[in-house]
Structure formats: structure tokens, C-alpha cells
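User: Hi! Could you walk me through this one?
Analyst: Happy to, here it is.

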Amino acid sequence: MADCGLTPPPSTGSTPPPSTGSSEDLSQSSDASQALYRDLVHSVPCQTYALARGYEEMLDHGAEVLVPAGLAWHAARGEAAPEERCRELIDAEYTSTSRLPPLPLRDRVNATEEAIEAPWAGEKSLQLFRYTGHATKYCGECHVDHHGSALGIYLNALVFYATLFGRSPEGATWPAGQMVDGDLLPGDGMVRGDNTTGAMTREEAETLQRIAAKVVLPHMEAWWPQGRPEIPNGMQ
């Protein structure tokens with residue numbers, strides 16, 4: 001814990017823990033630590049791997065399942081594999097060996113199948129984020145924030161379905177103004193940042209379904225290292 005001005009407890013005679021520094025130290029890190037931070041998260045592939053590795057570590061601390069929503073975004077955006085340098089630095093943070101399949105998952109499908117398409121590569125990746133209608137601080141002159149758009153949220157839902165039920169989400173319906181459990185889903189009147197309206201087209205929905213299926217289903221042992229439990233009756 002950083003020094004927050006609290007009075008330490010009386011000494012018990014034991015060796016005190018090493019100091020982690022003060023709050024000022026945290027805001028004025030060394031050039032070396034800043035360089036390390038840049039090496040770890042300077043690119044989207046490195047950020048993705050760092051997050052995935054952290055979530056994966058929870059499987060060794062009581063978590064039963066890893067839902068690879070971020071890795072599905074990585075595939076949909078056509079991102080490259082993380083650089084070897086950042087991958088080594090991130091792995092060095094952990095004592096366990098990673099079970100994650102090699103990235104990018106879009107290239108790691110069954111040899112008899114086509115690679116996962118990545119229609120949201122480049123500038124189109126902004127379509128996966130929520131359109132605000134005004135310039136934001138997140139990406140220069142773009143008009144999105146860090147929340148998912150209907151497309152991004154739908155991809156997350158598909159990944160959760162495939163991971164938890166072990167089934168392909170292909171053939172599922174998609175948001176088109178339906179009323180579900182008292183909530184109105186996004187529909188034709190939804191304004192998007194690419195001069196179109198509507199939550200998503202049939203083609204977009206079906207593409208996202210294929211991406212989720214190909215990211216999740218070939219690697220179920222990585223998401224459920226102890227095995228996926230049986231689905232209770234009534235939830236199938």
C-alpha cells in the first residue's frame with residue numbers, strides 16, 4: 001500500500017514489509033518504469049494480451065471459466081499477434097504458464113475451415129464502439145467513446161453464449177427493435193457513426209456470429225480448464 005499519511009501500527013518486533021513508496025512516487029515514475037509500461041501496452045495486440053493474461057490468471061484463483069470477449073474483438077478488428085517482446089514481459093509477471101491459444105485467433109481455426117474474417121479492421125473498428133455524435137477524447141477527431149456499440153455488445157453476448165453453453169451462436173436473432181423482457185432493443189431508428197441507421201444488418205449479425213463461434217468453440221479447454229459443467233435442465 002502506498003503511504004497515505006496513516007499512522008503505522010505499533011511494532012511487533014517482526015521485520016516490516018518493504019516500502020512501496022509514497023503517492024508522489026506513483027505519479028512520478030522513473031524513466032525505466034515508463035519505458036516498461038510502454039513495452040507492455042503500447043499497441044492494441046499487447047494491451048489485449050496483457051488483459052487476457054490477467055483474466056486467465058484468475059483461473060488459478062477460484063474462477064471456473066474465462067469468457068474471451070476481448071479476444072473476439074481482437075479477431076473482428078483483424079489485429080496482429082502481440083510482439084514477442086511485450087509477450088515475454090507480460091508472461092514474466094506470472095509464475096504460471098499460459099493456456100491461451102496463440103494469437104491472433106482469427107488465424108488459429110481448424111485447418112479445414114477458412115480463417116476468421118475481420119471486416120472491422122482499421123478505421124472500421126470504430127463501429128464496434130458507441131457513437132456519441134460529437135468529438136471525444138478517446139481517438140482524435142472520432143465520435144465514439146470507450147463503450148461498446150450495438151455491434152460490440154452483440155459480439156460480447158454471442159461469445160458469452162458460445163462459451164457458457166458450448167454451442168455455436170450461428171442462426172441467432174439480432175437486435176432489430178424487439179421488446180425483450182420489457183426492454184426495447186436498438187432498432188431501425190438508431191443512429192450510427194457511418195451515416196447509417198439501425199442497430200445492425202443481417203450480414204453484420206451473421207458475421208459476428210461466425211466470429212464468436214470460431215474464436216470460442218475450437219478452444220473450449222482453454223476457457224474451461226476444469227471442464228464445462230452440465231447445463232441444468234430448463235436452461236438448455
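**Contacts and confidence**

Analyst: T163 touches V65, L66, V67, P68, V216, M220, W223, W224 and R228, leaving out residues up to four places away in sequence; contact means heavy atoms within 4.5 Å. This is a predicted model, where local features need pLDDT of at least 70 and side-chain atom pairs count only at 80 or more, while totals for chains, interfaces and linings use all residues. Residues are numbered from 1 along each chain as its sequence is written, and side-chain values use heavy atoms, without hydrogens and water.

User: Which helix does T163 lie in?
Analyst: T163 is part of helix α6, residues 150-165.

User: And is T163 buried or exposed?
Analyst: T163 counts as buried because its relative accessibility is 0% (buried is under 20% relative accessible area, with a 1.4 Å probe and protein chains only).

User: New topic: at what angle do α3 and α4 pack?
Analyst: Helix α3 (residues 44-57) and helix α4 (residues 69-76) pack at about 160 degrees, with axes 9 Å apart. They are therefore roughly antiparallel, a label for angles over 145 degrees.

User: Which residues meet there?
Analyst: P45, T48 and A52 in α3 meet G70, L71 and H74 in α4.

User: Now confidence: what is the mean pLDDT?
Analyst: The protein's mean pLDDT is 78, and 72% of its residues reach 70 or more; pLDDT is the predictor's confidence in each residue, from 0 to 100.

User: Where does pLDDT stay under 50?
Analyst: Residues 1-27 are one such stretch, and the model gives them nine contacts beyond four places in sequence. Residues 109-113 are also below 50.

Notes. Helices (H or I, at least four residues) and strands (E, at least two) are DSSP runs, numbered from the N terminus. Buried means under 20% relative accessible area, exposed over 50%, partly exposed in between (1.4 Å probe, protein chains only). Axes are lines fitted to C-alpha atoms, for helices over the stretch in contact, and angles run from 0 to 180 degrees between N-to-C directions. Angles under 35 degrees count as roughly parallel, over 145 as roughly antiparallel, 65 to 115 as roughly perpendicular and the rest as oblique.
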